[in-house]
Amino acid sequence: MKQDKIIRVILMTVACTAILGLVVIAVFIFKEGMPIIVRLGGREFFLSADWDPKAGRFGIRSMILGSLMVTGGAMVIGVTFSLGLAVVLTEFSPPLLTRILKPVIELLAGIPSVVYGFVGVVTLVPLIQNHLGGPGLSVLAASIVLGIMVLPTVTSISVDALHAVPRAYREGSIALGATRWQTVHMVLFKAARSGIVAAVILGMGRAIGETMAVIMVSGNTLAAPRGLLEPVRTLTANIALEMGYASGDHRQALFATGVTLFAFIMILNTIALTVSRRQGQGVRAT
Amino acid sequence: MRLAPVAAERLVVAVLWIMAAITVGVLFFIIAFILAHGLPHVSWGFLTQSPGKMGREGGIFPMIVATALVAGIAVILAAPIGVATAIYLTEYTREGRLTAAIRFGAGCLAGIPSILYGLFGFVFFAITLGLGLCVLSGALALALMVLPTIIRTSEEAIRAVPPAYREVSYGLGSTRWQMVTRVVLRSALPGIVTGIVLSLARCIEETAVVMLTAGSAMRLACSPFDSCRPLSLHFYILSREGISMEKAYATAAVLVIVILVINFFAYWLVHRFIGKAGRHV
């Protein structure tokens, strides 16, 4: 039918917006950012720790290290607690409590990131400053705040992954005489592994890309941190802090920082997509 | 020394419960903390007046308008595109290279950090297209950001419609378009609306994007081409520059309440109309 064909073509065109959007975003960020990376040389830009826009020196090594440290710390905290919570919700808590808590946790995923950062500044930062020393604004503070921020996402996806494990696996394990905890860590974690890995990677993407909360609690100094209690500047913070007044080479260097971030995210996304596809096939096979 | 399995079980379960309690406790603490410090400063005047002295005095009315404009326009732009994409993916094509490409595009868009949407919006909408830092630039950047969410939730909702509905509709002699608009979309509507509502919440809470694209003017935005300062950005500036803690807390409380109400509404939609089959995002 003619009408059917016309509608199909229109819908197809609109559907390509997602592809077009991705391409345009990638093109424009690379177009603005690549020239300066090429001109300075990747070695200079990525490996030098000297960031001094006024003198025309742009090296983002300390920001890359900063992003990695903060994200690593956030994952240690976030994943530990998310998995604990997910296991409690799926295996140990009474069904009623799970039914209440799961949506509540998902509701919390919507708290604005600036609010997380703000609460971090007024409560956590003084706590660290008074009890552990240092300026308080630190890798540790940023890791804790980010760890808390990724909790809802990672918990929610892990719960789904654990729920997707067939009942028979649990029953088989219990019937063999395993305790419930043995069942959890010997059977469920293995069966739900790809789902949990996907959750962790997604959380990592969130953490490395988070901007506002990190700016508020990390201190943003230019020097690479030498310890957990030192201030740090991440890639995202570098862009957000300086974009307002940057021009010329400086602006290009900030876009180049964006290019770096983009590359990190694409690597993580590709891993996540591969893992979740593998999981999809696994589920179909059972 | 190895613990006996039963003793280990007790220990681990206790530890897990404590961890779960800490997690939930922290999340509740954040909300309670903001509301306890902020609500006392929220008044009718605060919601309806313009700010004075950089935000030290007065209210947040222009910011509320800015948030409504930016987030509203973003969702109005993204929703039709997202739903159309979902309809195309589910009803008008078979799985193939194009659908794989569309899904890959949407998947990647979903993973891009908001600061990159901000950078892109700044260089593309504000500079290349010449819109400047304004409501529309911010809304366009946000629209791209929430597009993948709307596509995914709409697709899930449409897929959840039983195939029998489609067969009956065809059996009654309807065309594919009639079947899609009168049968499929109607029964998938709650799920689709949920996705749109959650996207609206995402647009309201987003700060990094609007910081780079929407400007920061404190006056009331009257047209899409005016510079504006949404609530989230206003809160960030108030607290970061130490302008007024009182106003910062109050703004945060307003923001948190709006987000919670919207998310709660989305949750209610899911459970009221979709029941157990619907998966919360």
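Author: A crossing is called left-handed if the near helix is turned anticlockwise from the far one by less than a right angle, and right-handed if clockwise. The model shown here is predicted. In it, α5(A) passes α7(A) in a left-handed crossing.

Reader: Which residues of α5(A) and α7(A) make that contact?

Author: Lys102(A), Ile105(A), Glu106(A) and Leu108(A) come from α5(A), and Pro152(A), Thr155(A), Ser156(A) and Val159(A) come from α7(A). By class, the contact has four nonpolar, two polar and two charged residues. As for the geometry, helix α5 of chain A covers residues 95-108 and helix α7 of chain A covers residues 139-163; the two pack at an angle of about 145 degrees, with their axes 8 Å apart.

Reader: Which hand does the crossing of α8(A) and α9(A) have, left-handed or right-handed?

Author: The crossing of α8(A) and α9(A) is right-handed. Helix α8 of chain A (residues 167-175) and helix α9 of chain A (residues 180-191) have axes that come within 10 Å and cross at roughly 155 degrees. Angles over 145 degrees count as roughly antiparallel, so α8(A) is roughly antiparallel to α9(A).

Reader: Which residues meet between α8(A) and α9(A)?

Author: From α8(A), Tyr169(A), Arg170(A), Ser173(A) and Ile174(A) meet Thr183(A), Val187(A) and Ala191(A) of α9(A). The classes in this contact are four nonpolar, two polar and one charged.

Reader: What does Val70(A) touch, leaving aside residues up to four places away in sequence?

Author: With those set aside, Val70(A) touches Val139(A), Ala142(A), Ser143(A), Leu146(A), Val214(A), Ser218(A), Val232(A) and Thr234(A). Separation in sequence and in space can also be set side by side. Val70(A) and Gly147(A) are 77 residues apart in sequence, and their C-alpha atoms are 9.3 Å apart.

Reader: How is Thr93(B) to be classed, and where is its place?

Author: The class between buried and exposed is called partly exposed. Thr93(B) is partly exposed because it has 16 other C-beta atoms within 10 Å. Its place is in the loop between α3 (61-91) and α4 (97-111) of chain B. Thr93(B) touches Tyr88(B), Leu98(B) and Thr99(B), not counting residues up to four places away in sequence. The C-alpha atoms of Thr93(B) and Ala252(B) are separated by 45 Å, the two residues being 159 residues apart along the chain.

Reader: How many residues of helix α12 of chain A are buried?

Author: Burial may be read over an element as well as for one residue. Helix α12 of chain A, residues 235-242, is mostly covered, with six of its eight residues buried. These are Leu235(A), Thr236(A), Ala237(A), Asn238(A), Ile239(A) and Ala240(A). Over whole chains, 51% of the 286 residues of chain A count as buried, and 49% of the 281 residues of chain B do.

Reader: What secondary structure does each chain have?

Author: Chain A has 13 helices and two strands, and chain B has 11 helices and two strands. Along the sequence, chain B follows the pattern α-α-β-β-α-α-α-α-α-α-α-α-α.

Reader: Which domains does the assignment give for chain B?

Author: The assignment gives domain 1 (5-40) and domain 2 (42-277). Their C-alpha centres lie 31 Å apart. The contact between them takes six residues from domain 1 of chain B and six residues from domain 2 of chain B. On the domain 1 side there are four nonpolar, two polar and no charged residues.

Reader: Finally, how many residues of chain B are in contact with chain A?

Author: The size of an interface is often given as the accessible area lost when the parts come together. Here the interface is described by residues in contact: 68 residues of chain B with 65 residues of chain A. Helix α1 of chain B (residues 5-38) gives the most to the chain B side, with 17 residues. By class, that side has 52 nonpolar, 12 polar and four charged residues.

Conventions. Residues are numbered from 1 along each chain as its sequence is written. Chains are lettered from A and ligands numbered from 1 in the order in which they are written. This is a predicted model: local features need pLDDT of at least 70, side-chain atom pairs count only at pLDDT 80 or more; totals for chains, interfaces and linings use all residues. Two residues are in contact if their C-beta atoms, placed from the backbone, lie within 7 Å. Helices (H or I, at least four residues) and strands (E, at least two) are DSSP runs, numbered from the N terminus. Ala, Val, Leu, Ile, Met, Phe, Trp, Tyr, Cys and Pro count as nonpolar, Asp, Glu, Lys and Arg as charged, and the others, Gly among them, as polar. Domain bounds come from an automatic or database domain assignment. A residue is buried if 20 or more other C-beta atoms lie within 10 Å of its own, exposed if 12 or fewer, and partly exposed in between; C-beta atoms are placed from the backbone. Axes are lines fitted to C-alpha atoms, for helices over the stretch in contact, and angles run from 0 to 180 degrees between N-to-C directions. Angles under 35 degrees count as roughly parallel, over 145 as roughly antiparallel, 65 to 115 as roughly perpendicular and the rest as oblique.
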